[in-house]
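Here is a friendly briefing to read alongside the sequence and the 3D view. Please keep both open as you go.

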Amino acid sequence: MKYTAKAAISAIALTVAGAAHAEPQAEVLHWWTAGGEAKAVAVLQQEFSDNGGTWTDMPVAGGGGDAAMTALRARVLSGNAPTAVQLKGPAIQEWYEEGVLADISSVAEAEGWADVLPAQIAEHMKCEGSWCAAPVNVHRVDWIWANKSVLDANGIEMPTTWDEFNAAAEKLQAAGVIPLAHGGQSWQDATVFETVVLGLGGPEFFQKALVDLDPEALTSDTMVKVFDQMRTLRGYVDDNFSGRDWNLATAMVMNGEAAFQIMGDWAKGEFLAAGKVPGEDFLCASTPGEGYLYNVDSFAMFEVDGDDKKAGQDLLAKLIVGPNFQKVFNLNKGSIPVRTDVSLDEFDECAVKSSEDMKASAETGSLLPSYAHGMALRGAQSGAITDVVTAHFNSDMSSEDAVKMLADAVANSM
């Protein structure tokens, strides 16, 4: 008995020593293949290599990650999961339920993640209380972007209520300017919809309707008003919006063809890449109402064999949430650091506003997960809502019919 215990202790000591000297290896699956995104990933790759690691890049372009998920499923089924995968929101929990995620709590605790991450966002990174993913950034979704010279020429201030927005849009339309640049893709419709839900209903209503899927909220008079406002907004969009990509809608605002765009802060990346200056060429403000809708990119760590891969996983997790990467990555991506202790001296005024609003919303309980961007709901439920929103936006369906259809679609998706 004594001999067995002694042998076991020796084996553990050897394993620990081996892990300490293993050269960190990481195969990273992600879908950041466009301009600023690719640049941002290169920063992480470089930092990993500077720390003695070997990075194998596995970029899968297209479909907002759909193609990447198909590739991931094939890898996991064949028993050969990548070290780290770009995943977010409830998708992290779905993979955890498949029994394939690794526990990175030792890194999170050693690095003090709980002290520097907003509590609401930290919860997305945990699986039954253990850390299983590392957050990269925070994108704010509920933004309105505007062409400053178009607003100035028409004597319009940035709207703070939906009534003000509608009045500004009417004035712009009369002056021959497209009020709202929009791309007719279902996720863009969903993005606008959730900002209207937050603006007209408030944070508590948003939580009930689009996070808890409360039937009373979904069938309420407030939800009817939301669809009324969506119908109004549909009237401010040009006739050629069908199938337009979001960045082409941003370009319409940039070149003065349209006045406003409702889009997450990846739109800011387009303005900045074109050399536009916030406050001078374009304006940013939260969409009317209170609260903050977040979309957080993160990397989930998958169960892997081999000390070198485990060492790679630990190093990667440490670097992703580390202050240096948080700063450099987010300067490239247009988002803000998820850490609340990173200096924003080098960030633009829109990023500073976003960070201040995030901290304030975290304190008041109005920091909320975006349903349109996969943070609040699982795929079946969010898909059911988006189908109704898009069907309404592209037809003359009444708001009352849309609300009934919404409640039925959610119930059927459960």
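How are α12 and α19 oriented to each other? They are oblique: this is a predicted model, and in it α12 and helix α19 (residues 399-413) pack at an angle of about 120°.

**Helix packing**
- Two packed helices are described by the angle between their axes and the distance between the axes.
- For α12 and α19, the axes lie 8 Å apart, and α12 passes α19 in a right-handed crossing.
- Helix α12 (residues 221-234) also packs with helix α9 (residues 162-174), at an angle of about 20° and with 11 Å between the axes.
- That angle makes α9 roughly parallel to α12, since angles under 35 degrees count as roughly parallel.
- The α9 and α12 crossing is left-handed.

**Helix α17 and its two sides**
- Helix α17 covers residues 349-364, and its 16 residues should span 22 Å at 1.5 Å a residue; the end C-alpha atoms are 23 Å apart, which agrees.
- Buried residues in α17 include C350, A351, S354, S355, M358 and S361.
- These residues cover an arc of only 135° around the axis, so they sit on the same side of α17.

- K268 belongs to helix α14 (residues 266-273).
- With a relative accessible area of 2%, K268 is buried, as the cut-off for buried is under 20%.
- Just after α17, G365 adopts a positive phi of about 80°.

**Two loop residues with positive phi**
- E128 is not a glycine, yet its phi is positive, at about 50°.
- You will find E128 in the loop between β4 (126-127) and β5 (130-131), where its relative accessible area of 73% makes it exposed.
- L213 is likewise a residue other than glycine with a positive phi, near 55°.
- L213 lies in the loop between α10 (186-211) and α11 (215-218), and at 9% relative accessibility it counts as buried.

Definitions and conventions
Residues numbered from 1 in each chain as written. Predicted model: local features only at pLDDT ≥ 70, side-chain atom pairs only at ≥ 80, totals over all residues. Heavy atoms only, no water. Helix = DSSP H or I, 4+ residues; strand = E, 2+ residues; numbered from the N terminus. Expected span 1.5 Å × (residues − 1). Buried < 20%, exposed > 50% of the residue type's maximum accessible area, 1.4 Å probe, protein only. Arc of directions from axis to C-beta. Axes fitted to C-alpha atoms, helices over the stretch in contact; angles between N-to-C directions. Parallel < 35°, antiparallel > 145°, perpendicular 65-115°, else oblique. Left-handed = near helix turned anticlockwise from the far one by under 90°.
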